[in-house]
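Please consult the sequence and the model alongside the text.

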Amino acid sequence: RLESMPKNRLEALPPDVLRQIFRLLADPFAPASACALVGCCRYTRSAFRSRATGADRTEVERLRLWWGRATAFCGSHRTTASHMRLATTVGLSESFAVAEAPTLALLLERGSFRRLCWLQLYGSLLSEASLRPIVETLAAGASPSLKSLDLAGNHLGDASCAMLAARLSESPARVLPALEVLGLGSTRISSRGVEALARALARGAMPRLVGLGLRSNDIDDEGVIALAESGMLGLAALRELFLCGNDRITCAGIDALAARLLGGSFPSLCWLDVPPLKSSAFHAACAARCVCVLDTLGPAHAPENPTAGSQQPATYE
């Protein structure tokens with residue numbers, strides 16, 4: 001225990017090292033260990049009550065600030081630290097305030113949601129800057145048991161999507177390894193962001209993904225082709241893909257997707273939601289693969305005797 005170390009050993013540590021140790025102990029819901037370290041000796045008190053170069057707060061001030069924010073978060077969402085530790089589902093959506101995004105990121109990083117499997121921030125209208133701390137925390141390996149992540153209706157943007165994709169490529173076994181459903185509808189991502197995500201998926205990221213929602217973004221034919229190519233190498237478990245509402249997708253992109261489907265892309269695919277474009281080649285490919293096509297012009301185009309099961313798809317944005 002650090003607080004029981006001899007003073008001369010603590011005093012041998014540089015202040016920056018002590019501050020890093022303090023941050024590891026600084027749990028806003030259980031600050032006792034960090035506070036005990038502060039009181040060990042005059043040297044530690046000085047290190048933690050003085051600001052590091054370029055810092056806007058001391059470590060003690062930062063812990064006090066996060067304690068206040070975490071307490072306010074619990075109050076606004078009528079929960080407690082013990083309930084968070086047991087929670088498997090967290091749906092904040094419209095009740096989530098923009099100013100709470102850094103607090104949620106910290107709680108995810110600290111493991112306050114130890115059993116979290118489902119996180120929904122749908123329609124919270126977070127800007128890219130507000131959403132970025134949460135995405136960065138998840139990209140760093142937080143919440144490894146998370147199975148469903150719904151960010152639809154927030155301004156994720158290409159930069160954050162590319163950052164997440166880069167982390168997925170670097171550490172596919174560490175970043176969201178259990179994720180089964182990813183909702184990225186209406187998140188202001190274009191083909192640039194989708195292409196970055198597709199590269200990560202082709203390298204084996206999120207191997208358990210069964211549902212990917214990309215509705216109502218700015219994806220064009222290049223994004224569709226990148227996704228289809230990734231389905232040749234990864235996404236072996238994907239059953240449902242949603243692309244409707246991307247008005248820049250043309251018949252050329254749909255036909256390219258059809259060719260990849262016939263080539264074996266997305267081997268587990270059952271449901272496909274695309275813009276309402278007339279493409280006989282596409283519908284023929286889906287019929288050959290027993291993939292049910294959803295569109296907004298009318299009933300779903302399903303093969304006569306689909307082998308892909310009769311259950312309706314889940315709803316992903």
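Q: In which loop is the place of L176?

A: This is a predicted model, in which local features need pLDDT of at least 70, side-chain atom pairs count only at pLDDT 80 or more, and totals for chains, interfaces and linings use all residues. Residues are numbered from 1 along each chain as its sequence is written, and side-chain values use heavy atoms, with hydrogens and water left out. Helices (H or I, at least four residues) and strands (E, at least two) are DSSP runs, numbered from the N terminus. On that basis, L176 belongs to the loop between α9 and β4 (181-183).

Q: Is L176 buried or exposed?

A: Buried means under 20% relative accessible area, exposed over 50%, and partly exposed in between (1.4 Å probe, protein chains only). L176, a residue other than glycine with a positive phi near 50 degrees, has 1% relative accessibility and therefore counts as buried.

Q: Is L125 buried or exposed?

A: L125 is not a glycine, yet its phi is positive, about 60 degrees. It is found in the loop between β2 (118-120) and α8. Because its relative accessible area is 59%, L125 is exposed.

Q: Which elements do the buried residues of α8 pack against?

A: Helix α8 covers residues 128-139, and its buried residues are S130, L131, I134, V135, T137, L138 and A139. An α-helix has 3.6 residues a turn, so residues three or four places apart point the same way. Contact means heavy atoms within 4.5 Å. The buried residues of α8 pack against α7 (101-109), β3 (148-150) and α9 (157-170).

Q: Which residue with a positive phi follows α8?

A: The phi of this residue is near 110 degrees. The residue is G141.

Q: With which residues is D150 in contact, leaving aside its neighbours within four places in sequence?

A: D150 lies in strand β3 and counts as buried because its relative accessibility is 15%. From D150 to L182 the C-alpha to C-alpha distance is 5.9 Å, although they are 32 residues apart in sequence. Once neighbours within four places in sequence are left aside, the contacts of D150 are L119, Q120, L121, Y122 and G183.

Q: How exposed is R45, in relative accessibility?

A: R45 lies in helix α4 (residues 42-48). It counts as partly exposed because its relative accessibility is 36%.
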